[in-house]
Amino acid sequence: MHFDDVMRGRRSIRGYKPDPVPREMIEEILALAMRSPSSMNTQPWNFHVITGAPLDRIRAGNTERNLAGIPHSREFRIGQPFAGVHRERQIGVAKQLFSAMGIARDDAAMRQDWVMRGFRQFDAPVCIIISYDRVLADSDDTAFDCGAVTNALVNAAWSRGLGCVINSQGIMQSPVVREHAGIPDDQVIMKAIALGWPDDDFPANAVVSERKPVHEAARFVGFD
Ligand SMILES: Cc1cc2nc3c(=O)[nH]c(=O)nc-3n(C[C@H](O)[C@H](O)[C@H](O)COP(=O)(O)O)c2cc1C
């Protein structure tokens, strides 16, 4: 697949076929993604690739704790709630997804169902947890590097016909993930990536989210 086609075609996949993903394929994708640059080549990332019974235990634990109202215990900072243009963009993509799924604005049950789907890692056959070495926790470069490798990972997967959704939902109950994935204390849990073969009949998978234009994002200095 041409690079431009991967970048233009990739979108988050939130509905999967149950078919397994071969381990060798995931190893190949990780090896490619790990060619990403990192600060001073420190490569602060670790990947915990989970499937089968341990992943089912994570889904069950996340569901149980969220339904019980146990406060979230994510291991990363999220800052202030979104406002202004950022809130508008958040609402924009949510509207696109709900509209595709036929979820009405006032349908609390269906909305809750959608949220729980995220806590179940969208029922994907594989979940990759990205963690980083705790000793590097104070550097913003660490988050930057994890983002770089994650973006490469989802694009490498897409180029092979696999879909992903990067998500925070899967790791909001971090003790569940830490226990069932066996993540050591010297690593901080950063993000989850659901991965599998896209279900082309799942309406939300067709959603193409919007982007602000280049002229809003970029300033060119010294060109004229
Ligand atoms: C850091 C990060 C966290 C995200 N968390 C979630 C999440 O918890 N649930 C979800 O459904 N999507 C999540 N997403 C996916 C974004 O909603 C999605 O990337 C964005 O709307 C752009 O859509 P696209 O990936 O289809 O281009 C997350 C993406 C990133 C990069």
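**Around the ligand and out to the surface**

In this predicted model, a polar side-chain atom of Arg10 sits 3.0 Å from one of the ligand's oxygen atoms. Ser12 also takes part, with a polar side-chain atom 2.6 Å from an oxygen atom of the ligand. How much of the ligand does the protein bury? Taken alone, the ligand exposes 620 Å², and the protein buries 68% of that area.

A step back brings the whole shell into view. There are 14 residues around the ligand, and those that come nearest are Arg10, Ser12, Arg14, Gln169 and Arg211. Sorted by class, the shell holds 5 charged, 5 polar and 4 nonpolar residues. Which strand gives the most to this shell? That is β3, which spans residues 163-167 and provides 3 residues.

Is Phe220 buried or exposed? Phe220 counts as exposed because its relative accessible area is 57%, and the cut-off for an exposed residue is over 50%.

How values were computed: Residues numbered from 1 in each chain as written. Predicted model: local features only at pLDDT ≥ 70, side-chain atom pairs only at ≥ 80, totals over all residues. Heavy atoms only, no water. Near = heavy atom within 4 Å. Polar contact = N/O pair within 3.5 Å; in protein donor to acceptor, adjacent residues only side chain to side chain. Areas by Shrake-Rupley, 256 points an atom, 1.4 Å probe, with all protein chains shown as cover. Helix = DSSP H or I, 4+ residues; strand = E, 2+ residues; numbered from the N terminus. Nonpolar A, V, L, I, M, F, W, Y, C, P; charged D, E, K, R; others polar. Buried < 20%, exposed > 50% of the residue type's maximum accessible area, 1.4 Å probe, protein only.
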